[in-house]
Amino acid sequence: MTYRVVHYGTGFSGTHALRGILSHPELELVGLVVHGDDKVDRDAGELAGLAPIGVRATRDLDAAVAVGADAVCYMPTTHGRFKAALGEVEHLLESGINVATTAFGLLINPAAARPDVVARLDAAARGGGATLLSTGIEPGFFSDYLPVIMSGCSQRIDSIRLYELATYVSGDQSDETSFEICGFGQPLDVVPPIVDAAGMAPWEGCVRSIATQLDVVLDAVEHRYELLPAPEAFEYQGRVIAEGTIAGFRFEIAGKVDGVTRVAVEHITRTRDDQAPHWPKGLAGDAYRLVIAGSPRLECEFSFSEGEDHLAGGFNINAMRAVNSIPALCAHDPGVISTFDLPPVTGRGRVART
Ligand SMILES: NC(=O)c1ccc[n+]([C@@H]2O[C@H](COP(=O)([O-])OP(=O)(O)OC[C@H]3O[C@@H](n4cnc5c(N)ncnc54)[C@H](OP(=O)(O)O)[C@@H]3O)[C@@H](O)[C@H]2O)c1
């Protein structure tokens with residue numbers, strides 16, 4: 001069976017998703033929605049860096065889905081447009097169109113998201129006969145699915161800790177991500193959105209998801225963060241990060257039982273590899289490290305790349321978790337679901353043929 005898909009958003013992850021839809025044997029791209037003026041009316045194949053395919057990009061989501069779509073792969077930003085984005089997704093679900101998205105980290109674990117938001121989306125989905133899945137790389141695969149699957153190798157688990165260890169190299173992510181969400185170059189007394197309570201909520205959802213899957217009742221979830229001051233001024237993505245301003249950050253979300261951390265997610269983010277030598281680093285560049293302390297001790301370091309570009313590998317994983325879930329999502333009963341409601345999302349149809 002082939003599912004008709006409209007893709008929305010051609011940013012760092014979205015462009016990988018577009019290519020991923022075009023190369024998936026069970027998916028057919030029938031529409032593309034973009035925001036940038038320079039992208040409107042351009043061919044989707046061309047925007048994916050491939051040959052033209054005859055699907056033109058539009059700003060009009062309603063017009064794009066009017067051709068008849070089974071699913072929308074929803075990947076625009078929600079930064080500064082959260083309510084509008086939520087409204088778009090609600091409208092799609094009411095119209096009977098399934099949605100796979102990486103844009104709503106809060107919904108990766110629907111049980112931990114705001115109940116009124118989930119109730120509204122779930123009602124729209126059930127009313128329209130559609131399904132919504134929020135997924136991604138982190139929050140997503142590395143902080144909900146993989147730790148739970150790996151825990152099946154354990155006899156006793158003292159704690160589960162997951163690290164994202166990344167250098168956000170200049171130019172390898174959007175200005176919005178670098179300067180607005182992560183706050184690079186801002187004074188140290190600014191709290192960047194990525195480390196405020198709302199910013200960390202998606203990862204808290206993942207900590208709670210692991211606990212739920214392993215039948216652990218957390219009695220507290222604590223957040224903490226530290227900002228890294230730039231040791232000197234340096235050029236970064238067309239701007240200057242001044243000495244003493246934010247050049248990186250570290251945060252932890254710890255799920256506790258009787259005062260003991262049982263599940264934790266920690267992020268360590270630099271803007272240059274030579275910063276903060278006292279903070280943990282990936283063994284071979286950017287990586288996710290998963291440590292299950294107990295019997296036996298399990299430790300897994302997961303690195304990824306796209307040629308020389310580590311972050312691009314991460315954006316590709318982020319996109320593929322959503323794209324590869326679309327066939328199972330379309331076959332699922334209506335409602336707002338989590339990754340644990342679906343059969344394992346695999347690389348079916350992705351193995352290269354000569
Ligand atoms: N869960 C995870 O692990 C994870 C990881 C990375 C990203 N994400 C999320 O996944 C989504 C896509 O990520 P990305 O890496 O592709 O982000 P990105 O590179 O920052 O791209 C931003 C996208 O938003 C679109 N956009 C900008 N302003 C808009 C507006 N006012 N209305 C509608 N669309 C607008 C852009 O449109 P154009 O198509 O015209 O460029 C572009 O597609 C984002 O929501 C991001 O937060 C999640």
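1. Domain bounds here come from an automatic or database domain assignment. On that basis the chain splits into domain 1 (3–135 + 325–341) and domain 2 (141–307). Both domains give residues to the shell around the ligand, so the ligand lies between them.

2. Some housekeeping before the details. This is a predicted model, where local features need pLDDT of at least 70 and side-chain atom pairs count only at pLDDT 80 or more, while totals for chains, interfaces and linings use all residues. Residues are numbered from 1 along each chain as its sequence is written.

3. On the domain pair: the centres of domain 1 and domain 2, taken over C-alpha atoms, are 26 Å apart. Contact (C-beta atoms, placed from the backbone, within 7 Å of each other) involves 14 residues of domain 1 and 16 residues of domain 2. The side of domain 1 that touches domain 2 has seven nonpolar, seven polar and no charged residues. For those classes, Ala, Val, Leu, Ile, Met, Phe, Trp, Tyr, Cys and Pro count as nonpolar, Asp, Glu, Lys and Arg as charged, and the others, Gly among them, as polar.

4. Now the ligand shell. It holds 28 residues, and the closest are Gly9, Gly11, Pro76, Ala103 and Gly136; the criterion is a C-beta atom, placed from the backbone, within 6 Å of the molecule. The elements giving two or more residues are α1 (12–22), α7 (175–181) and α9 (310–323), with helices (H or I, at least four residues) and strands (E, at least two) being DSSP runs numbered from the N terminus. The largest share, three residues, comes from α1. By class, the shell has eight nonpolar, 16 polar and four charged residues.

5. Ten of its eleven residues are buried, so α1 is largely enclosed by the rest of the structure. Buried means 20 or more other C-beta atoms within 10 Å of the residue's own, exposed means 12 or fewer, and partly exposed is in between, with C-beta atoms placed from the backbone. Among the buried ones are Ser13, His16, Arg19 and Leu22. The buried residues of α1 pack against β1 (3–8), β2 (27–33), α2 (44–47), β4 (71–74) and α9.

6. How do α4 and α5 sit relative to each other? The axes of α4 (residues 82–94) and α5 (residues 115–128) come within 7 Å and cross at roughly 25°. Axes are lines fitted to C-alpha atoms, for helices over the stretch in contact, and angles run from 0 to 180 degrees between N-to-C directions. The two helices are therefore roughly parallel (under 35 degrees; over 145 is roughly antiparallel, 65 to 115 roughly perpendicular, the rest oblique). From α4, Leu86, Val89, Glu90, Leu93 and Glu94 meet α5 residues including Val117, Arg120, Leu121 and Ala124. This contact has seven nonpolar, two polar and three charged residues.

7. Take a look at Ser338, in the segment after β15 (335–337). Ser338 counts as buried because it has 21 C-beta neighbours inside 10 Å. Ser338 touches Ile108, Asn109, Pro110 and Ser209, leaving aside residues up to four places away in sequence. Ser338 and Leu133 are 205 residues apart in sequence, yet 6.0 Å apart in space, C-alpha to C-alpha.

8. Finally, Arg59 sits in the loop between β3 (57–58) and α3 (61–65). With 14 C-beta neighbours inside 10 Å, Arg59 counts as partly exposed. Residues up to four places away in sequence aside, Arg59 touches Val33, Val34, His35 and Val40.

Note on methods. Contact = placed C-beta atoms within 7 Å.
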